[in-house]
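Let's take a walk through this one together. Have a look at the sequence and the model below, and then we'll start with a helix.

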Amino acid sequence: MLPLPKIRYFSLYMNTLKNTLLSLVLLAFPVFSQDVQPQIGLTDTLVNNPRLIPIPDSIIIEEMNFKDADIRDVLRGIGAQFGLNIWLAPDVSARLPVNFKKIPVKTAVDFIITKYNFNYKVRNGIVEVFRPAPPPPPPPPEVKILCDIKYADNKISFDIKDAPLDTVVRRLVRETKQNIIVEKGLSGQLTALLNDIDLEKGLIALFENNGYEITRKNDLYSIARPVWNSSNNDQPTARKKLSILVDSTRVKMEVTDADLADIINIISTRSGISIIVYGGISGKISAKLEKYIEIDDALKYLLSNTNFVFWKNKDVYFIGDKNMKVSNNAELVKLRYMKAEEVIKLLPETITQNTKVNVLKEQNGLLVVGSYEYIVAAKDFITIVDKPIAQILIEALVVDFSITKGRDMGLRIFSGSGGNGSNSFYPGIDITATGSDINKIGEKKLSDYFTLEQITNLPANFRAQISALESNNLANVLSTPQVATLNGNTATILIGTTQYYKLRSSTLTTGTTPVVTQSEHFELVEANVTLSVTPFVTGEREVTVEINPIFHIPGGAPNDSLPPPINKREIKSVVRLKDGETYVLGGLIEDREVETFSGIPFLSRIPFLGALFRKTHKDHSKSRMMIFLTPHIFYGSEGAVDREKAIKELQ
C-alpha cells in the first residue's frame, strides 16, 4: 500500500484568485486511486447515496479551506484532483464557504451537494448533479358545497349556495329522474332557496334567476347561455325580464316591458319554427301566461292591438305590417260534434264577408278560404260552438201494481219504513200485519209503501224487490224500455198491448117467418201508453226533463155487443233531475170487472132457457200503474252501453 498524499493548506485572502489557486493546488498533488465498484444492496436508494460514488472510502481530503466559492468550481476541482467524473446541470448554482479537515472525498462531495438542496445520482460511473423537481402543490382545501335538493310528488325544494352548475344538474337528474342537458362549455355557480314548489316552476326560477336559459322540448330540458337582447342591453337585470318556456308547439311566459322582437325571436329559436319578418318589429309588451298555449295563439295575442299581423303558409310563419297585401290561404276545419250545415249558418258576418266558406258534407267540415287572420277567427268561433253534445239515456220501468191483492195479503209492498213511520215487511216473510195497517193500504198512495218520493235515488235492491212482488202476483212489469236522445231532442217510448174482444150480434130477418141470425166476430182494441221525453242538460250535470205521458186504457167491462171504452189520460210536467236520479210518475188507477161463465155444455147455450143451466161470476180488480224514469248523461264514447252490466241488472 502506498502512503496517501497530504494536501497542504492554502489560505486564500482574495476572492478574485481563490478559484484559480484552488484548481492549481488540487492539481499539484498526485492522486492514488483504485478502481472501486461499490456493491448496491436491495434497500439502497439511487439518489443522494454516497455509497454509489465511485471512489474508495479511504481517499481523504486532509484539509480544504476557502470562502465564497462557486459550487461548480469546487466540485469540478475535486473531480479533477481525484479522478471523479462529475456532471452538473445548467441550473446548479450556489456560493458556499468550505472548511474540511481529514474527511473522505465521497463524504465531502455528498455534503456539498445535499447541503445546498441539490440531488445527485450515479449512472455509468458519472456523478450527475441536478436541481430536484419542485414538490407538487398541496391539494386545495376541501370546500363543502351546499347543494341540498329534495323532490316528491312533483314538488321540489332547493337549498343551494354557490354550487357549480355541473354539480347541481347531476343532483337534479338523480333526484327528479328528468333529462337535462347543458350546453358545451357552460359553467358557473348557482344559488337558490325554494321550498315545495312545482318542478317546472322551480327549474325556471333556479336557472333563469342565476342567468341561464332553460328550454323544454319533448320532455327534455336544455340549459344554455342567455339569449342576446336585440335592444343591445346586455345587463343581467334586462335578462330577467324575459322568462319564456317553450314545450314543442306550446309556450308560456312572464315578461315585463320586453321588446316584442326579442320575445318572437326567443319563441322561434326555442321551438324551431320558421319565421319570416318583413321590416322591423318594434314596441314593448308585458305579459304573463301561467299555462301553456299554442304558439299560434301566443303570436295572435302578442300582435293584437299592434300594427303587425302574422299569417302562416306551409308551416312557415310570416309577420308584417297590417297594410301588406297578403295572399289568401285555404284551410279545412273539421267539426267533431255539430253538423257543418248548421255551423255555417252561425258564422258571424265579419267572417263570411271576408272569407269564402264551403261545406264539405262528406268530411263534416268547412273549407275556409281567405286571409290567415280571418281563418283563425273562423277557427276560434267554431271551437266555441263545436262542443260535445250531451247524450241522455232514458231508462224507463213501467210496473202495474195490484192494489186488490195487496189488500188481500195485508202486507206492505216494500221493505223499509212507510210514509207514516210504521214498520214494513218484505214480501214472502210470514208476518201478520195489524188491522189498521191493512185498512190504511187503500187510503194511502201506493208510492207511500215504496218508501219513495216523487224524485229519488232508487235503492240498490230495487229490482230485487220488484222481482219479489212479481213472484207474489203483486206487480206486473209491463215494460223496461231504454231510449237515448241528444240534448234538446225528443225521445218517444210507446208501451202498449193489443186486446181482442169477442162480440156477438143478432140479425132479425123479417118475412113470412121471422128468422134471428146470430154471428160472432173479434174486435181489436189497442191499449197504449205513449211517453215523450225531451231532456235539456245544464252546466251542473242536471237534466231538465219535459215529460208528456199519454195513456189509452180500456175502461169498464165489455158486453156481448160492445167493446170496452178507451179512457185517455194525458200529463205534462217539467222536472229537474240530477244525473242518475229517478222520477216516479204514477197515479193511473185501473178498475177491471171480468165476467166468467160456467155451465152445462150445449144446454147453457140455449137462448132464453140457457140461463137456467149456467152461472155468471164477476171478478173485480184494481191496479195502479207507475213509471220510473232515470236519465243518464253521456258524452262521446262513454255513452256506449255495457251489455254485460245491463244483463246482470235485469237478472
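Which residues of α5 are buried? Keep in mind that this is a predicted model. The buried ones are Leu199, Glu200, Gly202, Leu203, Ile204, Leu206, Phe207 and Glu208. That makes 8 of the 10 residues of helix α5 (residues 199–208), so the helix is largely enclosed by the rest of the structure.

Let's stay with Glu200 for a moment. Glutamate 200 has a relative accessible area of 13%, and because buried means under 20%, it counts as buried. It forms a salt bridge with lysine 252, with the closest N and O atoms 2.6 Å apart. Lysine 252 sits in strand β13 (residues 250–259), 52 residues away from glutamate 200 in helix α5, so this pair links distant parts of the chain. Lysine 252 is buried too, at 12% relative accessibility.

Another salt bridge joins aspartate 198 and lysine 155, again with the closest N and O atoms 2.6 Å apart. Aspartate 198 belongs to strand β9 and lysine 155 to strand β7, so the pair ties together parts 43 residues apart in sequence. Here aspartate 198 is partly exposed, at 30% relative accessibility, and lysine 155 is partly exposed at 32%.

Now for the nonpolar cores. The largest has 31 residues, and those touching the most other members are Ile71, Leu75, Ile78, Val105, Val109, Ile112 and Val129. Elements that each supply at least two residues to this core include β1, α2 and α3. A second, separate core has 29 residues, among them Phe310 and Trp311.

Key: Residues are numbered from 1 along each chain as its sequence is written. This is a predicted model: local features need pLDDT of at least 70, side-chain atom pairs count only at pLDDT 80 or more; totals for chains, interfaces and linings use all residues. Side-chain values use heavy atoms; hydrogens and water are left out. Buried means under 20% relative accessible area, exposed over 50%, partly exposed in between (1.4 Å probe, protein chains only). Helices (H or I, at least four residues) and strands (E, at least two) are DSSP runs, numbered from the N terminus. A nonpolar core is a set of buried Ala, Val, Leu, Ile, Met, Phe, Trp, Tyr and Cys residues joined through side-chain atoms within 4.5 Å. A salt bridge is a side-chain nitrogen of Lys or Arg within 4 Å of a carboxyl oxygen of Asp or Glu.
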